[in-house]
Amino acid sequence: MGKIISVVLPKGGVGKTTSAVNLAYYFAKKKYKTLIIDLDPIATCSFSLGFNKENIFGDIFDVFSYSKSIEAVIHPTGIDNLDCIPQIKLSKVEEGRQLKLISNEYLLRNIIKTISTNYRFIIFDCPPYLFGPTNLALIASDSVLIPIRTDEYSFEALDDLINRIDYINKTYNQKLTIEGIFITSYEKNIRASFKVKAKLFELKSAVMLNKSIPKDANMMNATFSKRPLGLASPSSRAAVAYKELAEEIILRNFGII
Ligand SMILES: Nc1ncnc2c1ncn2[C@@H]1O[C@H](COP(=O)(O)OP(=O)(O)OP(=O)(O)O)[C@@H](O)[C@H]1O
Ligand SMILES: [Mg+2]
């Protein structure tokens, strides 16, 4: 059975998609067969792996509406050991229509079960809110991976997410755990960032991952080249940090790298 991980924080622009893509890349590079599933209607994850309207032949909503099987919407990424279920970017009206497809909370969980033995990791890139696709992802997952920026507002989003995980535990999915919280776009020379980091490690020590991801201008180049940073600039500081974070997560789960 593959480990199913949702990347979630109900706050925009904290690095969910960047982290999902780059961790998936390094899991795959370490030969852990990985599937990344884009659940955000904005489709940044799909875009950053080179997918667009022209080359996407089906997404998870085609599976929800029973027009395609899950196997039929798995796209190769061109990267060894990394597959993707991309998402076609939606207009607001289409997004509303899709939300209506999500009538059964266990839909994604039941669908994913059929392919989970084919992968070591399945990663859901979630939108910056907790309803709709994120709710389904939390019900279908083994754990939640939480990227956070070192600003005061992040604590509010973190509390909302932790309350939701408690609720999901009680109501739908007892086995859901926190994989870990880690800091993204970290600027160690900014005093306020340093303070927030210290506060996070004090308040959430049991679930903090050691590795933080530094703020790195190379990230923009990777976005433009539509490749994970680890491919576009493998020796950049953020790429090296994602590699180490991936190793930390693999070690926790499998006991070896
Ligand atoms: N370590 C980093 N250094 C510099 N820029 C970064 C870093 N991580 C992410 N970014 C940039 O921050 C922006 C937001 O990142 P990303 O799209 O991953 O966030 P998100 O949480 O998925 O956003 P949303 O909630 O909108 O889905 C992007 O432009 C990305 O390139
Ligand atoms: Mg995103």
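This is a predicted model: local features need pLDDT of at least 70, side-chain atom pairs count only at pLDDT 80 or more; totals for chains, interfaces and linings use all residues.
Local features need pLDDT of at least 70 and side-chain atom pairs count only at pLDDT 80 or more, while totals for chains, interfaces and linings use all residues. Residues are numbered from 1 along each chain as its sequence is written, and chains are lettered from A and ligands numbered from 1 in the order written.

**Overall.** I looked up the secondary structure and found eleven helices and seven strands (DSSP runs numbered from the N terminus: helices H or I, at least four residues; strands E, at least two). The C-alpha atoms fill a box of roughly 50 × 40 × 40 Å along the principal axes.

**Helix pair.** I then took helix 1 (residues 16-29) and helix 11 (residues 237-254). Their axes come within 9 Å and cross at roughly 65° (lines fitted to C-alpha atoms over the stretch in contact; angles run from 0 to 180 degrees between N-to-C directions). The two helices are therefore roughly perpendicular (65 to 115 degrees). Helix 1 contributes Asn 22, Leu 23, Tyr 26 and Phe 27 to the contact (C-beta atoms, placed from the backbone, within 7 Å). Helix 11 contributes Tyr 242, Lys 243, Leu 245, Ala 246, Ile 249 and Ile 250.

**Ligand 1.** I counted 19 residues around ligand 1 (C-beta atom, placed from the backbone, within 6 Å). The closest are Lys 16, Thr 17, Thr 18, Pro 128 and Met 219. Helix 1 and helix 9 (218-225) each give two or more residues to this shell.

Terms used:
Angles under 35 degrees count as roughly parallel, over 145 as roughly antiparallel, 65 to 115 as roughly perpendicular and the rest as oblique. Two residues are in contact if their C-beta atoms, placed from the backbone, lie within 7 Å.
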